[in-house]
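Please keep the viewer open while you read.

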Amino acid sequence: MVISQQQTELLDKLCRFLSSVRGTDKVLMLYAYMSKIVIARLRARDAGSMLATRLQNLATPVSDTRILLRYYGLIPLFQWILFSERNPPPTPFLRIIYRLQNMSNLFYYPLEHLYYLGAHKVVPMSDETLNRVGLWSCRFWAAYVVLYFLQLYQEHRLLELRQLRLTQRSRSNAESKDVIRAEQRSIASDMHSLLINTIINAAYFPLTMHWSIEGSTFPDFGVGICGSVAAVAQIYSAWKSA
């Protein structure tokens, strides 16, 4: 079988994508959330659906794997904290947002890890304590999501300002057209990334609210829809950078 250069490059990219923790996590995430949609529809037709049970039997270890993949999340978080302090964002407002986000994650990750260990009886924990740990873990995640909306808004304003300055520069004819075009492509790329991140965050928002509220009645079908949107958008982003 003869494989073209383009097919070879595609296969190489797929291998890079799947061999990364980020790529693996997003593929597992897509199954975990899409299975919720399928399971909800199957059980709406037949409460005792065997196919729904089988899909759920796979979804449970898939979700466990995703949590285990995040177990070293504190290490890159510390790296990011050091980087953001040494290379602060362009505005004081963003610097405050970054610090608050980092604080939220410093609580979120250990609490999620503790919840997982308690749920699997590795760490002895009462059901009430386990529930409180899970709720507060998700509340810190929700805080991060809200803060990220503020970050995205500020970054959008900065990009608009950058675009305005570029327009003024292009009118002055002080720089070559190639330089202006390169800057325009850079702005367009950043705007596109901002849009993707906004979609991801908007999809995460109802999920974090649902898991942060005790006794929430948000349906599994809705969880599946929101999670699948976030998964597809993140797979798209991860694939582009693979």
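## Ground rules

Helices here are DSSP runs (H or I, at least four residues), and strands are DSSP runs of E with at least two residues; both are numbered from the N terminus. This is a predicted model, in which local features need pLDDT of at least 70 and side-chain atom pairs count only at pLDDT 80 or more, while totals for chains, interfaces and linings use all residues. Residues are numbered from 1 along each chain as its sequence is written, and side-chain values use heavy atoms, with hydrogens and water left out.

Let's start with Lys26, which sits in helix 2. Lys26 counts as buried because its relative accessibility is 11%, where buried means under 20% relative accessible area, exposed over 50%, and partly exposed in between (1.4 Å probe, protein chains only). Beyond its neighbours within four places in sequence, Lys26 is in contact with Ala231, Gln234 and Ile235; contact means heavy atoms within 4.5 Å. Met29, with the neighbours within four places again left aside, touches Arg66, Tyr204, Gly227, Ala230, Ala231 and Gln234.

Met29 also belongs to the largest nonpolar core, which has 18 residues. Such a core is a set of buried Ala, Val, Leu, Ile, Met, Phe, Trp, Tyr and Cys residues joined through side-chain atoms within 4.5 Å. The residues with the most contacts inside this core are Met29, Tyr33, Trp141, Ile200, Tyr204, Leu207 and Ala230. Two or more residues each come from helix 2 (21-45), helix 4 (74-86), helix 5 (92-119), helix 6, helix 7 and helix 8 (220-241).

## Helix 3

How far apart are the end C-alpha atoms of helix 3? They are 29 Å apart, which agrees with the 28 Å that its 20 residues (50-69) should span at 1.5 Å a residue; the expected span is 1.5 Å times one less than the number of residues. The buried residues of helix 3 are Ala52, Ala59, Val62, Asp64, Arg66 and Ile67. Helix 2 and helix 5 are among the elements that cover them.

## A cavity and a pocket

Both kinds of space are found on a 1 Å grid over the protein atoms alone: a cavity is a set of points where a 1.4 Å probe fits but cannot get out, and a pocket is an open set with protein on both sides within 12 Å along at least five of seven lines. Lining residues have an atom within 4 Å of a point. Grid points are joined across faces, edges and corners, and a volume is the space filled by probe spheres set on the points.

The structure holds one cavity of 30 Å³ or more. Ser84, Glu85, Pro89, Arg95, Tyr98, Arg99 and Asn102 line the largest cavity, and helix 5 gives the most to this lining, with four residues.

The second largest pocket has a volume of about 180 Å³. Its lining consists of Glu155, Leu158, Leu159, Arg162, Asp190, Ser193, Leu194 and Asn197, with two or more residues each from helix 6 (127-172) and helix 7 (177-212).

## Two partly exposed residues

Met209 is found in helix 7 and counts as partly exposed, at 27% relative accessibility. Its C-alpha atom is separated by 13 Å from that of Gly134, 75 residues apart along the chain.

Leu11 lies in helix 1 (residues 5-19). Leu11 is partly exposed too, with a relative accessible area of 46%. The C-alpha atoms of Leu11 and Arg181, 170 residues apart along the chain, are separated by 32 Å.
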